[in-house]
Amino acid sequence: MASTYTDLGIELMATGENAGTWGTKTNNNLSLFEQLTGGFNSQAVSGTGNTALSIVDGNTTGTAQHQMIELTGTITGNITVSIPLDVEKMYYLRNSTSGAYTVQFKYITGSGDSFTFAATDKGDALVFATANDGTNPDIYTLPAGTGDGDVTLTGTQTLTNKTLTAPKIGTSILDTNGNELALLTATSSAVNEITLANAATGNGPIISSTGETNVDLNLNPKGTGVLKSATAAIKIAGKETMWIPAAAMYGPTTNPADGALVETTATRPDLKVFDFDASTQQYTQFTVAMPKSWNEGTITYQVYWSPSTTNTGNCIFGVQGVACADGDTIDVAYGTAIEVTDAGIGTVEDQQISAESSAMTVAGSPAAGEQTYFQLFRKAADGGDTFTGESRVLGIKLFYTTDAANDA
């Protein structure tokens, strides 16, 4: 009876066969065992299509008989690396190819499972090939995944003093009770990330955004929640207000509004006001050294006033501004006025607050720290101003936007 061979090429010598060559054949078998259990094959692949690995009976020259196979070379398309249909074996695979294309490992024929390195996966995988019935051979990934030594652990696992190098975490991290502690989302085009840094004695740890040269760090409360440090809300750059009372205003030399102190009832609040005439356009002015944190953008305002009569006509107010830097002349024109209309409510000494105006641009190309001059007027001569009494301005509220946390 002649010798036969296993599916992996090991010679099974029949009784009485191979006289005089038994030692050579045995040595070949031992070399094959060594190759099957610990051999390494650097297998060149290229281009596109299929590369078929082989089993050579009784010989170590086969390309599918090694324990570890490293795939090398430049590929220009998705490729397939196949093994003979009857092979059953564990393989360590390494994808060292160049080119962003997939590499599939499968049986040369049949409709069973296969294993595929993704186009960007230049990693390692442990797979087990089982021929099954020869029609539906399967390739199992051990551990489960798609390369890079991905590991799937089931149940509760305790990893003590283990180093995880660039681990891929799913959508959440759970606490010891199994509740969600942190949720993770992925952006396919992400280039910026959060960096956590610990610190030596006397220094605080750092949470920072890294990636591009200039990157914000966004901390977004949900709904009406606020950002806090301990129990106190953190002040955030954004829209701010500034109150300018009539007491801080002054009448200009030309067409000034009349400053007055109006008594309501003795020992009750008196009104420190500027009275604006019903027929002549009059003015009052004030100055502000705007905060350094102001973004030098547009400003809006509301007028706080009180009617001197029971009339319900419309009162039109306007505000304009100009900024002056160190060394600039103050003899300069104001910017374009922005107007706001408020109807009288018909009750003397009642508090009135106008709607917020539209955006006003301060003239003079304002910069941080400059003195800013404002002028408030009533557009009494305009046909749209129909309030018949004097409008008593108590003050105005300015709205401005900051782009820094403070004025440092």
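Strand E20 and strand E27 (residues 391-401) pair in the antiparallel sense, over 3 bridges. Before I go on, some ground rules. This is a predicted model, where local features need pLDDT of at least 70, side-chain atom pairs count only at pLDDT 80 or more, and totals for chains, interfaces and linings use all residues. Residues are numbered from 1 along each chain as its sequence is written, and side-chain values use heavy atoms, with hydrogens and water left out.

Now the terms for strands. Strands (E, at least two residues) and helices (H or I, at least four residues) are DSSP runs, numbered from the N terminus. Two strands pair if DSSP finds at least two bridges between them. In general, strands of a sheet pair through backbone hydrogen bonds, either parallel or antiparallel.

Back to E20. Leu 261 has Lys 272 in E20 as its bridge partner.

How many of the 6 residues of strand E20 are buried? Buried means under 20% relative accessible area, exposed means over 50%, and partly exposed lies in between, with a 1.4 Å probe and protein chains only. In E20, residues 271-276, the count is 5 of 6, so the strand is largely enclosed by the rest of the structure.

Phe 276 is a residue of strand E20. Phe 276 counts as buried because its relative accessibility is 0%. Val 362 is 86 residues away from Phe 276 along the chain, and the C-alpha atoms of the two are separated by 23 Å.

The loop between E19 and E20 holds Thr 267. Its phi is near 70°, a positive value in a residue other than glycine. For context, most residues other than glycine have a negative phi. Is Thr 267 buried or exposed? Thr 267 has 86% relative accessibility, so it counts as exposed.

Ala 230 also has a positive phi, near 60°, and is a residue other than glycine. Ala 230 sits in the loop between strand E16 (228-229) and strand E17 (232-233). With a relative accessible area of 77%, Ala 230 is exposed.

Asn 50 stands opposite Thr 80 of E6, and Gly 49 has Ile 79 in E6 as its bridge partner. E6 pairs with strand E8 (residues 103-107) too, in the parallel sense and over 5 bridges. There, Ile 83 has Tyr 107 of E8 as its partner. E6 is mostly covered, with 7 of its 9 residues buried.

The other is an open sheet of 5 strands, also mixed in its pairing, in the order E3-E5-E7-E10-E11. At its edges are E3 (40-44) and E11 (138-141), each pairing on one side only. On average, neighbouring strands of this sheet are turned by 30° against each other, direction ignored. Strand E7 (residues 89-95) pairs with strand E10 (residues 124-130) in the antiparallel sense, over 6 bridges. In that pair, Lys 89 stands opposite Ala 129 in E10.

A cavity is a set of points, on a 1 Å grid over the protein atoms alone, where a 1.4 Å probe fits but cannot get out; lining residues have an atom within 4 Å of a point. Grid points are joined across faces, edges and corners, and a volume is the space filled by probe spheres set on the points. The count is 1 cavity of 30 Å³ or more. The largest cavity holds about 40 Å³ of space.

Which residues line the largest cavity? They are Lys 106, Tyr 107, Thr 109, Gly 110, Gly 112, Asp 113 and Pro 137.

Last, the cysteines. A disulfide is a pair of cysteine sulfur atoms within 2.5 Å, and the structure holds 0 disulfides. Cys 315 counts as buried because its relative accessibility is 0%. Cys 324 is buried as well, with a relative accessible area of 8%.

How values were computed:
On a 1 Å grid over the protein atoms alone, a cavity is a set of points where a 1.4 Å probe fits but cannot get out, and a pocket is an open set with protein on both sides within 12 Å along at least five of seven lines; lining residues have an atom within 4 Å of a point. Axes are lines fitted to C-alpha atoms, for helices over the stretch in contact, and angles run from 0 to 180 degrees between N-to-C directions.
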